[in-house]
Amino acid sequence: QVQLVESGGDLVQSGGSLRLSCALSGFTLDYYAIGWFRQAPGKEREGVACISSRQYSTYYADSVKGRFTISRDKTKNTVYLQMNNLKPEDTAVYYCAAGDGDLDDRGYDYWGQGTQVTVSS
């Protein structure tokens, strides 16, 4: 059974930090790219960051470059999103997903249920 479970979302003040986790079961990271996406109420889903399975390359949305870092722990079958210098506009439900895409969510087949990140001003 393929599952992705996000955790780590919280309420933080502007300038604070959070680390989100995406725990994978039913498959390994060997053949899947993992992406982080976010969606605020009334807005479209946005690609945030992804890490590839072949070259282990990372990619980021312009809005989070220099602030967010995606990483993987193959032993734990877990992907992380370290978020620093958080801003109110980062407030959203954050989802992790598995597939072979990039920051386009059409390339992802499996999705977690999301974790809420709220940044106060």
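**Salt bridges and a pocket in a predicted model**

Good morning. I begin with Asp62, which counts as exposed, since its relative accessibility is 66% and exposed means over 50%. Please keep in mind that this is a predicted model. What does Asp62 form with Lys65? The two residues form a salt bridge, in which the closest N and O atoms are 3.1 Å apart.

Let me recall the general idea behind such pairs. Side chains of opposite charge can pair when their charged atoms come close. How many salt bridges does a search of the whole structure find? The search finds five.

A second salt bridge joins Asp90 and Arg67, with 2.8 Å from N to O. Where do these two residues lie? Asp90 is in the loop between strand E8 (78-83) and strand E9 (92-99), while Arg67 is in the loop between strand E6 (58-60) and strand E7 (68-73). The pair therefore ties together parts that are 23 residues apart in sequence. Are Asp90 and Arg67 buried or exposed? Both of them are buried.

A further salt bridge links Arg38 with Glu46, and here the closest N and O atoms are 2.9 Å apart. Arg38 is buried, since its relative accessible area is 6% and buried means under 20%. Glu46, at 30% relative accessible area, is partly exposed. Arg38, Glu46, Arg67 and Asp90 are linked in a network of salt bridges.

I now turn to the protein as a whole. Which elements does the chain contain? There are 11 strands and zero helices, so that from the N terminus on the elements run β-β-β-β-β-β-β-β-β-β-β. The radius of gyration is 13 Å, close to the 14 Å that the globule rule gives for 121 residues, so the protein is as compact as a globular protein of that length. Along the principal axes, the C-alpha atoms fill a box of roughly 40 × 30 × 25 Å. Of the 121 residues, 42% count as buried. Among contacts with a separation of 6 or more, 57% come from residues 24 or more positions apart.

Finally, I come to empty space. Rolling a probe the size of a water molecule over the atoms shows where such space is left. The largest pocket has a volume of about 230 Å³. Which of its 15 lining residues are closest to its centre? They are Ala33, Ser52, Ser53, Arg54 and Asp100.

Thank you for your attention.

Terms used
Residues numbered from 1 in each chain as written. Predicted model: local features only at pLDDT ≥ 70, side-chain atom pairs only at ≥ 80, totals over all residues. Heavy atoms only, no water. 1 Å grid on protein atoms, 1.4 Å probe; cavity = no way out; pocket = protein on both sides within 12 Å on 5 of 7 lines; lining within 4 Å. Points joined across faces, edges and corners; volume = space filled by probe spheres on them. Salt bridge = Lys/Arg side-chain N within 4 Å of Asp/Glu carboxyl O. Buried < 20%, exposed > 50% of the residue type's maximum accessible area, 1.4 Å probe, protein only. Helix = DSSP H or I, 4+ residues; strand = E, 2+ residues; numbered from the N terminus. Rg over C-alpha atoms; globule rule 2.2 N^0.38 Å. Contact = heavy atoms within 4.5 Å.
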